[in-house]
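Welcome, and please open the model in your viewer. We will go from one selection to the next, with a short note on what is there each time.

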Amino acid sequence: MDELIADLAANPWALVVLAGVVFADAFLVVVPGEVAVTALGTVAVAQGLPPLWAVILIGGLAAFAGDVSCYLIGRLLHPRSWRPLQRPSMQRALDWASHRLRTHAATAVFTARFIPFGRLAVNLSAGAASVPALRYLPIAGVAALAWAAFQALVGAAIASILPGGTVVAVIVSIVIALAVGWTVDFVLARVRPID
């Protein structure tokens, strides 16, 4: 099984698939962008391919491209009127994001980068609130790269310390990425956004 994973990871399409999954994660929070970056970071260290720096760079660029796309959608299409975003919880998230973007843009963007619905809300709200692109996009770019580095390095650390080969390391890294996501969702479900 380790050889199969090594062959898949050595394929240049592995990074293209990673980019597609991470980009889709910007819009569809059920797409496992975090899991993909963490798993490929694990494989990068366990098998040597693709290079860890490439996983971080491609993951960061794809995350940034997704964030920019959401920002542009918010700027052009005014998402507050969309039916799926009419739920009170989504409206509170959009209100929180708009307020935070006016007062603490860097904190909002960096925090939201690690929270699936928060990331979507902040990016759409930044566009809808007409936050200047020259202010918002550099922060979003650094946040996306930091997120990709964190996710890939979690996978790399697991591959470095866990015995049992690539398969075991990938499975453990996926379980850890999912557990972190579920924990964040659980905590956020019990805390209301601050106005």
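Before the first selection, a word on handedness: a crossing is left-handed if the near helix is turned anticlockwise from the far one by less than a right angle, and right-handed if clockwise. This is a predicted model, in which local features need pLDDT of at least 70 and side-chain atom pairs count only at pLDDT 80 or more, while totals for chains, interfaces and linings use all residues. Residues are numbered from 1 along each chain as its sequence is written, and side-chain values use heavy atoms, with hydrogens and water left out.

**The whole chain**

Start with a cartoon view of the protein chain, which has nine helices and zero strands. Helices here are DSSP runs of H or I with at least four residues, strands are runs of E with at least two, and both are numbered from the N terminus. Read from the N terminus, the order of elements is α-α-α-α-α-α-α-α-α. Of the 195 residues, 42% are buried (buried means under 20% relative accessible area, exposed over 50%, partly exposed in between, with a 1.4 Å probe and protein chains only). Contact means heavy atoms within 4.5 Å. Among contacts between residues at least 6 apart in sequence, 75% join residues at least 24 apart.

Two packed helices are described by the angle between their axes and the distance between the axes. The axes are lines fitted to C-alpha atoms, for helices over the stretch in contact, and the angles run from 0 to 180 degrees between N-to-C directions. Angles under 35 degrees count as roughly parallel, over 145 as roughly antiparallel, 65 to 115 as roughly perpendicular and the rest as oblique.

Select H3 and H4: their axes come within 8 Å and cross at roughly 160 degrees. The two helices are therefore roughly antiparallel to each other, and their crossing is right-handed. Show side chains for Val 37, Leu 40, Gly 41, Ala 44 and Val 45 of H3, which meet Leu 52, Val 55 and Gly 59 of H4. By class, this contact has six nonpolar, two polar and no charged residues (Ala, Val, Leu, Ile, Met, Phe, Trp, Tyr, Cys and Pro count as nonpolar, Asp, Glu, Lys and Arg as charged, and the others, Gly among them, as polar).

Now go to the loop between H3 and H4 (52-77), where you will find Pro 50. The peptide bond from Leu 49 to Pro 50 is cis, with omega near -10 degrees.

**H3 against H8**

The contact of H3 with H8 has nine nonpolar, seven polar and one charged residues.

Zoom in on Thr 38 in H3. Is Thr 38 buried or exposed? Its relative accessible area is 1%, so Thr 38 is buried. Its side chain makes a polar contact with the side chain of Gln 151, at 3.0 Å (a polar contact is a pair of N or O atoms within 3.5 Å; within protein, one must be able to donate a hydrogen and the other to accept it, and residues adjacent in sequence count only if both atoms are side-chain atoms).

**H6 against H7**

Next, select H6 (residues 105-113) and H7 (residues 116-128), whose axes come within 7 Å and cross at roughly 140 degrees. H6 and H7 are therefore oblique to each other. Ala 108, Val 109, Ala 112 and Arg 113 of H6 make the contact with Gly 118, Arg 119 and Val 122 of H7.

Move along H7 to Gly 127, which is buried at 1% relative accessibility. Leaving out residues up to four places away in sequence, Gly 127 touches Tyr 71, Gly 74 and Arg 75.

In the loop between H7 and H8, pick Ser 130. Its phi is near 55 degrees, a positive value in a residue other than glycine. Ser 130 is partly exposed, with a relative accessible area of 44%.

Finish at Asp 67 in H4, buried at 3% relative accessibility. Apart from residues up to four places away in sequence, Asp 67 touches Ala 26, Arg 113, Arg 119, Asn 123, Ala 140 and Ala 144.
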